[in-house]
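Please examine the sequence and the three-dimensional model shown below. The paragraphs that follow begin with a pocket and then turn to helix packing and the backbone.

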Amino acid sequence: MRKRPNIKDIAKAAGLSTAAVSYALTGKGRVSAQTQEIVKRIADEIGFIRDDTAARLRTGQSNLLAAIVHDTSNPFFAELLSDFETSAYEAGYLTIVANAKNDPIRQAALIDAMLAQGVAGLLISPVNGTEEAGMQSLRFHGKPYLVCVRDIGDKQADYVGLNDRQAGYLAADHLLSAGIRHFAFVGGLDHTKTWLDRLDGIRAAASDSGVTFPDEMIFNSAPTREAGSQMFDRILNSHSDCNAAICFNDYVALGAYAAIHATGKVVGQTYSVVGFDNVPQSASLLPPLTTVELFPRDIGRKSAGLMLGRLKNPKRQRERLLIEPRLIARESVVRPRA
């Protein structure tokens with residue numbers, strides 16, 4: 001195997017001392033701009049890659065951030081992580097991303113692994129059932145961490161999330177404004193704060209319109225396309241009088257489309273569907289899906305901002321930011337007759 005190039009190789013090629021090369025690579029010490037340019041050119045030519053491990057051990061500082069989310073396959077988190085990583089990179093940090101797959105044991109192992117890598121801070125969107133005690137190892141090691149999207153009530157962490165109650169209100173109000181009085185709420189796990197807040201918003205909108213939203217029209221399931229399709233098969237058979245639904249997310253709505261069309265009903269003409277997230281696929285469905293935009297990129301940017309601020313000033317006051325949602329009205333809701 002070819003030997004990995006090191007500082008001594010650069011020094012030999014440039015005719016400089018190893019100390020001068022080190023100064024040129026780090027931008028420290030009295031080294032001319034011309035020398036820095038020569039050193040960096042030679043480093044590129046021989047394939048030198050700087051190893052920051054020694055510097056991290058010496059200074060106790062790291063340029064690595066970690067991000068653990070419960071489902072990296074969800075486009076919502078792809079967008080969130082994209083802007084988080086971009087903001088971190090622009091500030092001089094690299095981001096390691098890991099997928100907890102909604103598994104608390106896997107999540108705990110990933111947190112320990114990130115700590116072992118010496119990350120400077122950690123962003124986490126917790127798996128279902130995570131409690132504040134699950135962040136104990138982060139607090140024990142004194143690592144700054146930020147919770148996003150799924151609120152676990154951790155008073156020792158910054159939080160960036162959504163106004164899920166308002167999101168639920170917007171979805172229900174849109175159906176009610178179209179004259180729809182009988183609808184279902186489909187998908188999501190009923191022990192999560194996100195689900196509870198959206199249901200609270202749905203009930204508030206119904207109440208404001210003088211409508212009772214019954215418990216029998218609430219259908220829990222995993223927030224996936226497959227689960228959405230299976231749940232709608234059941235709803236369409238057992239509640240034939242119901243021709244509208246609010247889906248916990250756009251993934252559940254994708255499953256709903258398949259099940260609804262299989263019965264001969266047509267979304268946007270004889271059945272109304274509203275989702276949450278506004279993932280890229282939602283605008284490409286036939287018909288395009290009405291959904292509630294939750295601005296994942298804003299969550300990513302604001303999360304990075306709070307994390308970087310925490311790294312600069314660990315003692316500053318904890319912050320809690322909620323992103324306000326916006327309804328994206330498309331063609332999946334049956335319009336009221338003139």
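The lining of the second largest pocket comprises 10 nonpolar, 10 polar and six charged residues; here Ala, Val, Leu, Ile, Met, Phe, Trp, Tyr, Cys and Pro count as nonpolar, Asp, Glu, Lys and Arg as charged, and the others, Gly among them, as polar. This is a predicted model, in which local features need pLDDT of at least 70 and side-chain atom pairs count only at pLDDT 80 or more, while totals for chains, interfaces and linings use all residues. Residues are numbered from 1 along each chain as its sequence is written, and side-chain values use heavy atoms, with hydrogens and water left out.

Of the 26 residues that line this second largest pocket, His70, Asn74, Arg150, Pro223 and Asn249 lie nearest its centre. Helix H5 (75-90) and helix H9 (193-208) are the elements that give two or more residues to the lining. A pocket is an open set of points on a 1 Å grid over the protein atoms alone where a 1.4 Å probe fits, with protein on both sides within 12 Å along at least five of seven lines, and lining residues have an atom within 4 Å of a point. Helices (H or I, at least four residues) and strands (E, at least two) are DSSP runs, numbered from the N terminus.

Helix H1 (residues 7-14) packs against two other helices. Its axis and that of helix H3 (residues 33-46) come within 10 Å and cross at roughly 120 degrees; axes are lines fitted to C-alpha atoms, for helices over the stretch in contact, and angles run from 0 to 180 degrees between N-to-C directions. H1 and H3 are therefore oblique to each other, a class left over once angles under 35 degrees count as roughly parallel, over 145 as roughly antiparallel and 65 to 115 as roughly perpendicular. Asp9, Ile10, Ala13 and Ala14 in H1 touch Val39, Ile42, Ala43 and Ile46 in H3, contact meaning heavy atoms within 4.5 Å. Seven of these residues are nonpolar, none is polar and one is charged.

The axes of H1 and helix H2 (residues 18-26) come within 9 Å and cross at roughly 105 degrees, which makes H1 roughly perpendicular to H2. Here Ile7, Lys8, Ile10 and Ala11 in H1 meet Thr18, Val21, Ser22 and Leu25 in H2.

Most residues other than glycine have a negative phi, and most peptide bonds are trans. Asparagine 102, in the loop between strand S2 (94-99) and helix H6 (104-116), has a positive phi near 55 degrees. Leucine 286 and proline 287 are joined by a cis peptide bond, with omega about -5 degrees.
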